[in-house]
Each structure stands twice: as structure tokens, then as C-alpha cells.
Amino acid sequence: MSAVPQIDPLRAAYREQNSRELTRTLAWTIFIALVVVPGGAALDYFLYPPHFVEFLLLRLGDALFLLACLGLLYVGGQRHQLLKAKTLGVLSVLSITGAISFMIYRTEGAMSPYFAGVNLAIMCYAAIVPWGITQTLIM
């Protein structure tokens, strides 16, 4: 009798499929964010002209971080792909909501129209990426 528990083939196939699906949907979600996050600079220009340069740099920095997450998603082997995809997914949405939260802080606080951006980012990620219980609790 073996001391190492064996994972049945059905469960192993499910984990592999789940890993591929999470990686695919996360890549598309990050790609969409790479367009939307810097694109929000137009909103900054009209709503808060004094903060335009500051927010543009913040948005571009966040886009670079998202680009790094997208690159890391496909670097390395498939051994821990599911864990890597889950981790990068949480980090990517937290970077977006963190940047928006900073913009809210620098403007009108809870009265800022950017408050809707936090909700929108979380809703988009939740609608596209198949989160598990752990990722939902971290959010």
C-alpha cells in the first residue's frame, strides 16, 4: 500500500480544466483592464484637471503592474498554474481597486464619482473570472 494518497483521474482532469479556464478568463480580464484603466484618464481630464497628471501616472503604473501579471501568468511550467492564476487574479483586482481608492482619497472622499469605479471593477472581475470561496473572501 502506498503512503502517498492518489488523486483519482476525474479529479485531476477537473483541476487541469479549471486551471486552464481560470488562466484563460483571467488573461482576458486583465487585457480588458489594460484598455480600461489607462482609458479612464479621459474622465480624469474632465472631472479633476488639477489631478490629471498624478492620476495618469497612477493609471499607467497600474497598467504596467497588470501587464506584469499577464506576463507572469504564462511564464513557467504548469505545475502550480492554478495557484498562480488565483494569486495573480487577486493581486490584479486589488491593484485596480487600490488605485481607484487612492483617487477617491485624493478627491472628494466618499462623495467622489470614482466610488462607482471600485464597484465596477469588482463586479467585472466577479462576472468574468470564476472565483473560488477563498478569493471571494479575500476581496
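This is a predicted model: local features need pLDDT of at least 70, side-chain atom pairs count only at pLDDT 80 or more; totals for chains, interfaces and linings use all residues.
**Exercise 1.** Compare the span of helix α1 with the span expected at 1.5 Å a residue.

Solution. Helix α1 covers residues 9–39, which is 31 residues. From its first C-alpha to its last, the helix reaches 45 Å. The expected value is 45 Å, and the span is close to it.

**Exercise 2.** State which residues of α1 are buried and what covers them.

Solution. Start with the list: Ser19, Leu22, Thr23, Thr25, Leu26, Ala27, Thr29, Ile30, Ala33, Leu34 and Val37 are the buried residues of α1. Their cover includes α2 (41–47), α3 (52–73), α4 (81–106) and α5 (115–128).

**Exercise 3.** Decide whether alanine 27 is buried or exposed, and find its contacts outside the neighbours within four places in sequence.

Solution. Alanine 27 lies in helix α1. Its relative accessible area is 11%. Buried means under 20%, so alanine 27 is buried. With the neighbours within four places set aside, alanine 27 contacts Leu70, Leu73 and Tyr74. As for leucine 91, 64 residues away along the chain, its C-alpha is 13 Å from that of alanine 27.

**Exercise 4.** Describe the largest nonpolar core and the contacts of leucine 26.

Solution. The largest nonpolar core has 29 residues. Those with the most contacts inside it are Leu26, Ile30, Leu66, Ile96, Ile100, Tyr114 and Tyr125. Two or more residues come from each of α1, α3, α4 and α5. The most come from α4, with nine residues. Leaving aside neighbours within four places in sequence, leucine 26 is in contact with Leu73, Ala85, Leu88, Gly89, Ser92, Tyr125 and Val129.

Definitions and conventions: Residues are numbered from 1 along each chain as its sequence is written. Side-chain values use heavy atoms; hydrogens and water are left out. Helices (H or I, at least four residues) and strands (E, at least two) are DSSP runs, numbered from the N terminus. The expected span of a helix is 1.5 Å times one less than its number of residues. Buried means under 20% relative accessible area, exposed over 50%, partly exposed in between (1.4 Å probe, protein chains only). Contact means heavy atoms within 4.5 Å. A nonpolar core is a set of buried Ala, Val, Leu, Ile, Met, Phe, Trp, Tyr and Cys residues joined through side-chain atoms within 4.5 Å.
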